[in-house]
Amino acid sequence: MLLAAALACAAVTGAADRVPERAVLFIGNSLTYSNDLPAMVGAVADAAGEPVRVGMVAGPNLAVIDHTTGATDAVDRIETGGWGYVVLQQGPTPAGICRDTLVLAAMRLGRPIRASGARAALFAPWTRRGAQRSLGAATVSAEAAAQAVGGVLLPVGA
């Protein structure tokens, strides 16, 4: 519900031609596709009377950087356009090279996201049961990536 509310309330800015704010492309890994998170967001939005068109590009064990190197067709899907938001998700990301790589990957995808008229949204993901101590570092990593691309942070892990 937090995601649906955040996406409904945040404005898309900077696009010459307005794109539908209620169209969300999810780019991620099994945390996104295992429970079909895009469909769940769509169902919650439908139930609230605010339909959201969703799409997904996800695969097992993918980091956001993998979507920039041809492991998926994420860049093509972004460039096709019609998205108000592009949600970037990877597993809990610690500080150091992992955080730096997430920020770099978000910046690489940020260009086509902005060019298509959409806005990036970064998941601060949930952690494994018993590993809640890593939530803080994961949130800082997602926040750094969101700031690097002028996106929004979605603290779904919290």
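Leaving aside neighbours within four places in sequence, which residues is I78 in contact with? Taking contact to mean heavy atoms within 4.5 Å, I78 touches L25, I27, W83, V86, L109, P112, I113 and S116. The model is a predicted one, in which local features need pLDDT of at least 70 and side-chain atom pairs count only at pLDDT 80 or more, while totals for chains, interfaces and linings use all residues. Residues are numbered from 1 along each chain as its sequence is written, and side-chain values use heavy atoms, with hydrogens and water left out.

The protein has six helices and five strands, where helices (H or I, at least four residues) and strands (E, at least two) are DSSP runs numbered from the N terminus. Read from that terminus on, the elements follow the order α-β-α-α-β-α-β-α-β-α-β. Among contacts between residues at least 6 apart in sequence, 76% join residues at least 24 apart.

Of the 158 residues, 44% are buried, a word that here means under 20% relative accessible area, with exposed meaning over 50% and partly exposed lying in between (1.4 Å probe, protein chains only). I78, which has its place in helix 4, counts as buried because its relative accessibility is 0%.

In soluble globular proteins, nonpolar side chains tend to be buried together. A nonpolar core is a set of buried Ala, Val, Leu, Ile, Met, Phe, Trp, Tyr and Cys residues joined through side-chain atoms within 4.5 Å. The largest such core holds 25 residues, of which L25, I27, I78, V86, L88, I113 and L122 touch the most other members. At least two core residues come from each of strand 1 (23-28), helix 4 (74-80), strand 3 (85-88), helix 5 (97-115), strand 4 (119-123) and helix 6 (135-148), and the largest share, six residues, is supplied by helix 5. Apart from this core lies another, of twelve residues, including V24, V41, Y85 and L154.

Helix 5 can now be followed along its length. Its 19 residues should span 27 Å at 1.5 Å a residue, the expected span being 1.5 Å times one less than the number of residues, and this agrees with the end C-alpha atoms, which are 27 Å apart. A kink of about 30° lies at L109, shortly before the proline P112; the bend at a residue is the angle between axes fitted to the seven residues ending there and the seven starting there. Both L109 and P112 are among the buried residues of helix 5. Just after helix 5, G117 takes a positive phi of about 90°.
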